[in-house]
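Open your viewer, switch to a cartoon view and get ready to click along. We will take the tour one selection at a time.

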Amino acid sequence: MGDKIRRIGVLTSGGDAPGMNAAVRAVVRTAIGNGIECIGIRRGWSGLINSDFVRLDSTSVSHIINRGGTILYTARCEEFLDPAGRDKAIATCKLLGLDGIVAIGGDGTFRGALALSRQVAERGQKLDVIGIPATIDNDIGCSYYTIGFDTACNTAIECIDKLRDTMQSHERCSVVEVMGRHAGYLALYVGTAVGATAVLIPERPVDFERDVVDKIRRARLAGTTHYMVVVAEGAGSAFEIATRIHDEIGIDPRVTVPGHIQRGGAPSARDRETASRMGYMAVQTLMEGKGNRIIAVQRGRLGDLDMEEALTMTKEFDMSLYAVLEAVTNGGSSRF
Ligand code: ATP
């Protein structure tokens, strides 16, 4: 055990993700159960700069485990990129007497946490920071899983299942754009789960003839009269893809972009459970006297990794699911 931790801050930053509230709740309840006071920093790093905070007790996090979004609000904060901005944040940490901060968010949020902790060290002080990965994109290199991914998949699936009903009736082609500017996890999981005719992801350079035209033609030959193309934001625009399908195959696809709907909603069982475990572990890690750590899932187990090292990690995109998708959806008798 390290020095006794007396008071910690917790914040959510970057894009929101279902399950962030469950993580905040776990941090607060674990801290309070161990005699540690908890301060909620609102609106991400900007809350530290602007002294925007709230004292959290056990009841302040009642009835939030089932709520999407984040009760602490979230934001992106340009000023925090600048050492002068972080100096203001350091002043707030000092004023509040924070021994540690649990930051819930993505890679950027963790880079901010590390920069803050280093700057505090340069001033001869100490602030332990712990990161909890939460983003619907599942694109954090050091962790196999990030809070919010499962809920976002289920939301997109529900939306596409509804589309499928009307597409079947009208014998149409749909192009659905799901979130994922740099990562195709959401598109690939969702595409596999709905039995999409084609899935386009940023990790696989798109060959339009091979990946779209040929797949729709095969499906048509197999007797299918409706087609579903799922595209990750980062692999192309759904509208442009629809236009190309129209020009090259002569059918008239309908485009659906669920957009931010994918970021909301009640967190799934998996996200509530993962968030609860990660929040609990974040506080335990601080109590062990460890700082600058990220709570991460590695080889199916939850653990804590050195933040600096974790930020250099990349996770290899698992193309085996793409092979499964191709085998079961486009293997000649293509029907979704
Ligand atoms: P998402 O996955 O939703 O994009 P994220 O945590 O990666 O989440 P960012 O917008 O990249 O989101 O980062 C959140 C905030 O963290 C930024 O607005 C900024 O305040 C801070 N931040 C990001 N990178 C740095 C950095 N290199 N140094 C200091 N602060 C940073």
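Helices (H or I, at least four residues) and strands (E, at least two) are DSSP runs, numbered from the N terminus. This is a predicted model, in which local features need pLDDT of at least 70 and side-chain atom pairs count only at pLDDT 80 or more, while totals for chains, interfaces and linings use all residues. Residues are numbered from 1 along each chain as its sequence is written, and side-chain values use heavy atoms, with hydrogens and water left out.

**Stop 1: the loop with Ser-51**

Select Ser-51, in the loop that runs between α2 (45–49) and β3 (53–56). Its phi is near 50°, a positive value in a residue other than glycine. Is Ser-51 buried, exposed or partly exposed? Buried means under 20% relative accessible area, exposed means over 50%, and partly exposed is in between (1.4 Å probe, protein chains only). Ser-51 has a relative accessible area of 37%, so it is partly exposed.

**Stop 2: His-63**

Now move to His-63, in the loop between β3 and α3 (83–96). His-63 is not a glycine, yet it has a positive phi of about 60°. With a relative accessible area of 68%, His-63 is exposed.

**Stop 3: Arg-25**

Next, pick Arg-25 in helix α1 (residues 20–33). Its relative accessible area is 24%, so Arg-25 is partly exposed. Which residues does Arg-25 touch, not counting those up to four places away in sequence? They are Val-61, Ile-64 and Ile-65, where contact means heavy atoms within 4.5 Å. For a distance exercise, draw a line from Arg-25 to Asn-292: they are 267 residues apart in sequence and 21 Å apart in space, C-alpha to C-alpha.

**Stop 4: α6 and α11**

Two packed helices are described by the angle between their axes and the distance between the axes. Axes are lines fitted to C-alpha atoms, for helices over the stretch in contact, and angles run from 0 to 180 degrees between N-to-C directions. Select residues 185–194 for helix α6 and 320–329 for helix α11; they pack at an angle of about 30°, with their axes 10 Å apart. Angles under 35 degrees count as roughly parallel, over 145 as roughly antiparallel, 65 to 115 as roughly perpendicular and the rest as oblique. α6 and α11 are therefore roughly parallel to each other.

Show the side chains here: Leu-188, Tyr-189, Gly-191 and Thr-192 of α6 meet Leu-321, Tyr-322 and Leu-325 of α11. This contact of α6 with α11 has five nonpolar, two polar and no charged residues. For these classes, Ala, Val, Leu, Ile, Met, Phe, Trp, Tyr, Cys and Pro count as nonpolar, Asp, Glu, Lys and Arg as charged, and the others, Gly among them, as polar.

**Stop 5: α7 and α8**

Go on to helix α7 (residues 208–221) and helix α8 (residues 238–249), whose axes come within 11 Å and cross at roughly 60°. That makes α7 and α8 oblique to each other. On the α7 side, the contact is made by Phe-208, Glu-209, Val-212, Val-213, Ile-216, Arg-217 and Arg-220, and on the α8 side by Ile-241, Arg-244, Ile-245, Glu-248 and Ile-249. Colour the contact of α7 with α8 by class to find seven nonpolar, no polar and five charged residues.

**Last stop: zoom out**

Show the whole chain, with its eleven helices and eleven strands. Along its principal axes, the C-alpha trace spans about 70 × 35 × 35 Å. Buried residues make up 53% of the 336 residues in the chain.
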